[in-house]
Amino acid sequence: MNQTLFAQALLNPDAPLPPGLVDPEGRPAPKRFSVYRNTVASSLTRVLEAGFPTVRALVGDQFFAAMALIFLRSHPPRSRMLMLYGQEFPAFLAGFPPVAHLGYLADVARLELALRESYHAADSAPLPEAEFQRLLGADIAGLRLILAPALRLVRSAWPVVSIWEAHQPGGVPHLRAAAEAALILRPEFDPHPHRLPAGGAEFIGGLLAGQTLGESLELAGAPTDLAAVLGLLISGRAIIGVSE
């Protein structure tokens, strides 16, 4: 049996029965294959529903399920580990005509994907308090911070953090008509997005690119609440080392 044809038929209900697929008596087995195909599609749809609950809430259950079927037919899993399945989903949404009027939807999906990536990222230990104290007397502008593997930065022209918060248990729909950047931190077990102040995304982006504190602050420009951003990094146990 040709594995490529089997995989193509598995995700396409209009594809013919793969050659060589027979029952124990050697007869074609379209009903058995149809059951298996439906099971695979349902399983992948559930993975997407679990991974993108806010997107699902925004478009409704039925629309999300139909959209998921279209997505999975052109984006089959590339790994046996399904915990991050849907990495192409944000880009898919950005180019999916039926949701073109929901410009924020792709960025909400990016935020939810980043939360999953953060959850499954490697564990790390924060910089010890004694090391922080030692650095207070140094020229910190020339230091480079080593950040936790679980940290993620999501920039958006939409209020993505507010949208996400509004769809959490007990969340209140109070959307800000402004761009937002999310700093995702995982101090313990569960990651959480934090809304960055003005300049914060540029500052964190500089750190992630290997820039020094001084260079990153220059990228951020003024006004930047450096104390607030560093406070988030410290309380989120996201600074795990320093290099000079």
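Modeller: Gladly! Helices (H or I, at least four residues) and strands (E, at least two) are DSSP runs, numbered from the N terminus. The protein has eleven helices and five strands. Please keep in mind that this is a predicted model, where local features need pLDDT of at least 70, side-chain atom pairs count only at pLDDT 80 or more, and totals for chains, interfaces and linings use all residues. Residues are numbered from 1 along each chain as its sequence is written, and side-chain values use heavy atoms, with hydrogens and water left out.

Colleague: What makes R110 and D107 a salt bridge?

Modeller: The term asks for a side-chain nitrogen of Lys or Arg within 4 Å of a carboxyl oxygen of Asp or Glu. For R110 and D107, the closest N and O atoms are 3.1 Å apart, so the pair qualifies. Both residues sit in helix α6, three residues apart, about one turn of the helix.

Colleague: What makes a group of residues the largest nonpolar core?

Modeller: A nonpolar core is a set of buried Ala, Val, Leu, Ile, Met, Phe, Trp, Tyr and Cys residues joined through side-chain atoms within 4.5 Å. The largest one here holds 34 residues, and F52, V55, F64, M67, F89 and L93 touch the most other members. Helix α6 gives the most to this core, with eight residues. Apart from it lies another core, of 22 residues, among them L143 and V229.

Colleague: Why are β2 and β4 described as standing at the edges?

Modeller: Two strands pair if DSSP finds at least two bridges between them. The open sheet has three strands in the order β2-β3-β4, with antiparallel pairing. β2 (152-156) and β4 (192-195) each have a single partner strand, so one side of each is left without a neighbour in the sheet. Five bridges join β2 to β3, so that pair meets the requirement of at least two.

How values were computed
Buried means under 20% relative accessible area, exposed over 50%, partly exposed in between (1.4 Å probe, protein chains only).
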